[in-house]
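Hi,

Here is the structure I promised to pass on. Have a look at it first, and my notes on what turned up follow below.

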Amino acid sequence: MAIVGAGHAGGRAASALRDAGWSGPVTLIGAEVHTPHERPPLSKEVLRGAKTGGDCALYPDDFYRDRDINLMTGTTVSNIRRSTREIELSNERLVPFEKLLLATGAEPRRLDVPGADLDGVHVLRTIDQSRELAARLTPGARLTIVGGGLIGLEVAASAMQLGCSVSVVEVDERVLARVAPAAIAEYVAKRHQDAGVAFHLNRTVTAIAGEQTVSAVHLDDGTSIETDAVLISIGVTPRVDLAQRADLAVANGIATDATLRTEDPNIFAAGDACVFMHPLFGFPIRLESWKNAEDQGPLAARNMLGADERYPSVPWMWSDQFDFTIQVAGLPGQAKTIVKRQLDSDAIAVFDLAGDGQLIAVSAVGPVGAVARTVRLGQMMIERRSYPDPEALASPSTNLKALMRQQAA
Ligand SMILES: Cc1cc2nc3c(=O)[nH]c(=O)nc-3n(C[C@H](O)[C@H](O)[C@H](O)COP(=O)(O)OP(=O)(O)OC[C@H]3O[C@@H](n4cnc5c(N)ncnc54)[C@H](O)[C@@H]3O)c2cc1C
């Protein structure tokens with residue numbers, strides 16, 4: 001069993017192979033020098049100095065030795081030889097496989113403008129990149145973030161908490177356009193503004209200025225933002241090059257069926273790199289979330305060993321910023337009807353209903369307790385393919401648990 005990509009999904013897959021009773025060889029190969037780890041703290045606690053990169057490890061170092069997992073860090077796979085079932089490392093060494101998992105993750109997109117390669121211009125995906133960015137975030141430093149998505153806004157919150165001043169440039173007319181409904185984005189933007197974050201919406205970056213180190217970011221309306229550091233946070237591109245070179249089907253990710261198997265029965269994919277047929281929605285989706293990596297790594301591992309499990313979960317993700325949390329379950333952005341519900345304490349939820357009234361997504365923002373309760377119930381309703389009454393959903397006096405039971409009856 002071989003796994004390319006010793007990140008979150010790859011690490012969990014290696015462990016799951018042993019949990020499922022596989023006693024033959026397991027090789028886990030990763031380009032990074034760090035052992036498999038979780039990334040969410042990299043824009044939060046690690047950036048703020050409350051955790052180290054080492055604290056993010058999925059398992060202690062001796063875990064791999066104890067479970068006889070051949071972990072090869074700092075090693076890049078350059079090719080897959082499907083006909084002979086071997087993978088080729090960048091040092092030309094060959095590793096044979098019976099089944100192969102591609103858990104290669106995704107690469108931060110760069111900005112194609114003059115000055116994008118200046119010192120002080122950062123992207124954020126790895127422990128090392130988090131450390132480099134953290135070194136810039138000294139009290140009083142000015143940070144400009146290009147991209148008002150989840151990671152950009154998490155970094156904005158962390159930087160404000162570190163005493164920096166922060167500007168966010170967003171091409172859309174609102175933040176979080178790709179991941180959360182407008183009412184959630186409004187709440188988030190207001191909390192950032194109240195904390196002092198400056199937003200430049202509907203704007204693009206035309207150039208990044210500086211001698212050797214960045215000193216300003218120029219926008220398309222002529223605005224110039226003086227800055228000490230820039231974070232480019234404009235999304236990621238799935239790493240599909242290995243699959244592509246091996247002639248595997250690639251769409252917006254490495255294409256698999258609902259069991260995470262590619263068109264080659266011996267090759268599977270999981271995590272951010274994988275676009276899979278979602279059994280609940282009936283069309284292919286690619287997810288970029290902790291929960292997806294957490295679930296798909298082990299699921300792919302069990303299927304590599306002959307199981308035939310389909311990906312069961314309703315997509316779920318969270319983001320922590322300042323003292324509030326955002327959670328999203330399902331697929332927002334495709335609703336015909338949007339229902340807003342005020343939760344107790346300072347929290348709101350938004351339910352997305354399809355044209356036929358089926359609940360397809362729930363999102364909430366605010367203190368974690370109210371958010372988690374509501375999203376969990378919404379997630380169960382999505383799983384059960386519910387058609388809740390929009391008025392009942394909107395009314396704070398409706399008990400959601402009762403509504404869910406009613407739906408099931
Ligand atoms: C800063 C940050 C904050 C986040 N916060 C949240 C959050 O709050 N909530 C949430 O739900 N999600 C969050 N995420 C998303 C979540 O961390 C990812 O979805 C998850 O890490 C994906 O796991 P993966 O295994 O698919 O990819 P990765 O963890 O990126 O692992 C892929 C690995 O493959 C390696 N690799 C690629 N190609 C090769 C090759 N050819 N040879 C060898 N190795 C290779 C890479 O080096 C990498 O180590 C965050 C992500 C980031 C970057």
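A backbone N or O atom of serine 289 sits 3.1 Å from an oxygen atom of the ligand. Keep in mind that this is a predicted model. On its own the ligand would expose 1000 Å², and the protein buries 94% of that.

Valine 77 works through its backbone instead, with an N or O atom 2.9 Å from a nitrogen atom of the ligand.

What about the rest of the shell? In total 34 residues surround the ligand, and the closest are Ala9, Glu32, Lys44, Arg125 and Asp272. By type, the shell splits into 15 nonpolar, eleven polar and eight charged residues. At least two shell residues come from each of helix H1 (8-19), helix H5 (150-161), helix H8 (290-304) and strand E23 (316-321). Domain 1 (2-107 + 237-304) and domain 2 (110-234) each give at least three residues to the shell.

One other residue I looked at is serine 363, which is part of strand E27 (residues 359-366). Is serine 363 buried or exposed? Its relative accessible area is 0%, so serine 363 counts as buried, the cut-off being under 20%. Apart from neighbours within four places in sequence, serine 363 is in contact with Pro181, Ile184, Gln327, Val328, Pro332, Ile348, Ala349, Val350 and Val375.

Cheers

Key
Residues are numbered from 1 along each chain as its sequence is written. This is a predicted model: local features need pLDDT of at least 70, side-chain atom pairs count only at pLDDT 80 or more; totals for chains, interfaces and linings use all residues. Side-chain values use heavy atoms; hydrogens and water are left out. Helices (H or I, at least four residues) and strands (E, at least two) are DSSP runs, numbered from the N terminus. Buried means under 20% relative accessible area, exposed over 50%, partly exposed in between (1.4 Å probe, protein chains only). Contact means heavy atoms within 4.5 Å. A residue is near a molecule or strand if one of its heavy atoms lies within 4 Å of it. A polar contact is a pair of N or O atoms within 3.5 Å; within protein, one must be able to donate a hydrogen and the other to accept it, and residues adjacent in sequence count only if both atoms are side-chain atoms. Accessible areas come from the Shrake-Rupley method with a 1.4 Å probe; for residues, only the protein chains shown count as cover. Ala, Val, Leu, Ile, Met, Phe, Trp, Tyr, Cys and Pro count as nonpolar, Asp, Glu, Lys and Arg as charged, and the others, Gly among them, as polar. Domain bounds come from an automatic or database domain assignment.
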